[in-house]
Amino acid sequence: MTMGTHLRRAGLLAISITCLSAGPSFAAADADCAAMAANPYEVGFETIGKDQMDVDVDAAIAACLAAVEQDPQDMQSRARLARAYYISQQYEAMYPHVELAAEAGSALAQQLLGDALVDGKGIEKDFERSFALLEASAAQNYAPGIYSLGLSYRAGEGVEKNDAKAAELFARAAGLDHRFALGDLGMMKLLADGVELDIEGGVALLERAAELRDSYAMMQLGYFYSDSDLVPHDGRRALDYFLAAEAAGETQGASAAAYIYLGEYDGVEADFAEAERLARKAADAEDGGGHFVLGYMAENGLGATQDMDAARIHYAKGAELGDDGSVEALARLQ
């Protein structure tokens, strides 16, 4: 998104004859920053922009800092530098750049600052200002801004809660292939939460989000196919989604897949070794579900001799981590 007209004019007035001669250097620095940190939802950067999961934050920060140092009026690079800082959770370093770029009209910066003001990341929460910034970002048809504005309506942050308006905004962002919007709208449709029940449409939205590597959508699809009356049970399909979520970095995907490997679902043969491997991986990451599976295996002698003491230990740890299944199992054993 280009900088606001008043800043563009100010920048042109400030450029000297000497600076003009260095134009190619400015262009190269800006191009390097864009290649490292542009968002694929920015107009004109759909093909070279990087999803936040793919951003090399150190390289992006270095490239965008160089671009900003060469041209302080380059608000695109400031916004992308802010994005790299945001992804790496360096919020204090982000704010000077994101404030300038947001004021200049960058939809990317407006969305980043709007989200930060909601979450209070290194700054005092301000829902009203956040809402205004997200409205401005969404007005430029920037998908992350549209989605975040929908979240504001969904939660009633800076505006009266309105699920119908949230669904409308999620649908608009989903139309731009925003994976979080696809997942959230899909769940609203499947649960008739603020919108009419639409099982086929909801599953299709979640499946598209999963294709875009949204681990939340993968997990929800796994839960639906393993234990829901909304869709036919399909153990193999559930397992595939849980494994995909685990590969995408979702710890709960490992514990959910481990449970499927216990062989209690049609279409999936028991594999206790794999169940234990995944459960221990989840447990090592402080996931209560991993401890539940390990406790269940120890209690029932799955893959090894029954060990009630080990079962109690794992259930206690799972309960401590907030796993409901572990809480129930521990109470039953005690």
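Cys33 is buried, at 0% relative accessibility. Cys64 also counts as buried, and its relative accessibility is 0%. In this predicted model, the two residues are joined: Cys33 and Cys64 form a disulfide. Their sulfur atoms lie 2.0 Å apart. The link is right-handed, with 90° about the S-S bond. Distant parts of the chain are tied together by this pair. Cys33 sits in helix H3, which covers residues 23-37. Cys64 sits in helix H4, which covers residues 57-70. The separation of the pair is 31 residues. The structure holds one disulfide.

The overall architecture is helical. The secondary structure comes to 19 helices and zero strands. Along the principal axes, the C-alpha atoms fill a box of roughly 80 × 40 × 35 Å. The protein has 334 residues, and 47% of them count as buried. Contacts were also considered by their separation in sequence. Among contacts with a separation of 6 or more, 49% come from residues 24 or more positions apart.

Two helix pairs were examined. The first topic is the pairing of H5 with H7. Helix H5 spans residues 75-87, and helix H7 spans residues 107-119. Their axes come within 9 Å and cross at roughly 35°. This crossing of H5 and H7 is left-handed. On the H5 side, the contact involves Ala79, Arg80, Ala82, Arg83 and Tyr86. These residues meet Leu108, Ala109, Leu112, Asp115, Ala116 and Asp119 in H7.

Helix H14 runs over residues 235-247, and helix H15 over residues 251-260. Their axes come within 8 Å. The crossing angle is roughly 150°. An angle over 145 degrees counts as roughly antiparallel, so H14 and H15 are roughly antiparallel to each other. The crossing of H14 and H15 is left-handed. From H14, the contact draws on Gly235, Leu239, Phe242, Leu243, Ala245 and Glu246. From H15, Gly253, Ala254, Ala256, Ala257 and Ile260 take part. The residues of this contact of H14 with H15 comprise eight nonpolar, two polar and one charged.

Ser137 lies in helix H8. Its relative accessibility is 0%, so Ser137 counts as buried. Neighbours within four places in sequence were left aside for the contacts of Ser137. The remaining contacts of Ser137 are with Ala107, Gln110, Gln111, Tyr142 and Gly145. Ala139 also lies in helix H8, which covers residues 127-139. Ala139 has 64% relative accessibility and therefore counts as exposed. The cut-off for exposed is over 50%. In sequence, Ala139 and Arg312 are 173 residues apart. In space, the separation of Ala139 and Arg312 is 55 Å, C-alpha to C-alpha.

Conventions. Residues are numbered from 1 along each chain as its sequence is written. This is a predicted model: local features need pLDDT of at least 70, side-chain atom pairs count only at pLDDT 80 or more; totals for chains, interfaces and linings use all residues. Side-chain values use heavy atoms; hydrogens and water are left out. A disulfide is a pair of cysteine sulfur atoms within 2.5 Å. Helices (H or I, at least four residues) and strands (E, at least two) are DSSP runs, numbered from the N terminus. Buried means under 20% relative accessible area, exposed over 50%, partly exposed in between (1.4 Å probe, protein chains only). Axes are lines fitted to C-alpha atoms, for helices over the stretch in contact, and angles run from 0 to 180 degrees between N-to-C directions. A crossing is left-handed if the near helix is turned anticlockwise from the far one by less than a right angle, and right-handed if clockwise. Contact means heavy atoms within 4.5 Å. Angles under 35 degrees count as roughly parallel, over 145 as roughly antiparallel, 65 to 115 as roughly perpendicular and the rest as oblique. Ala, Val, Leu, Ile, Met, Phe, Trp, Tyr, Cys and Pro count as nonpolar, Asp, Glu, Lys and Arg as charged, and the others, Gly among them, as polar.
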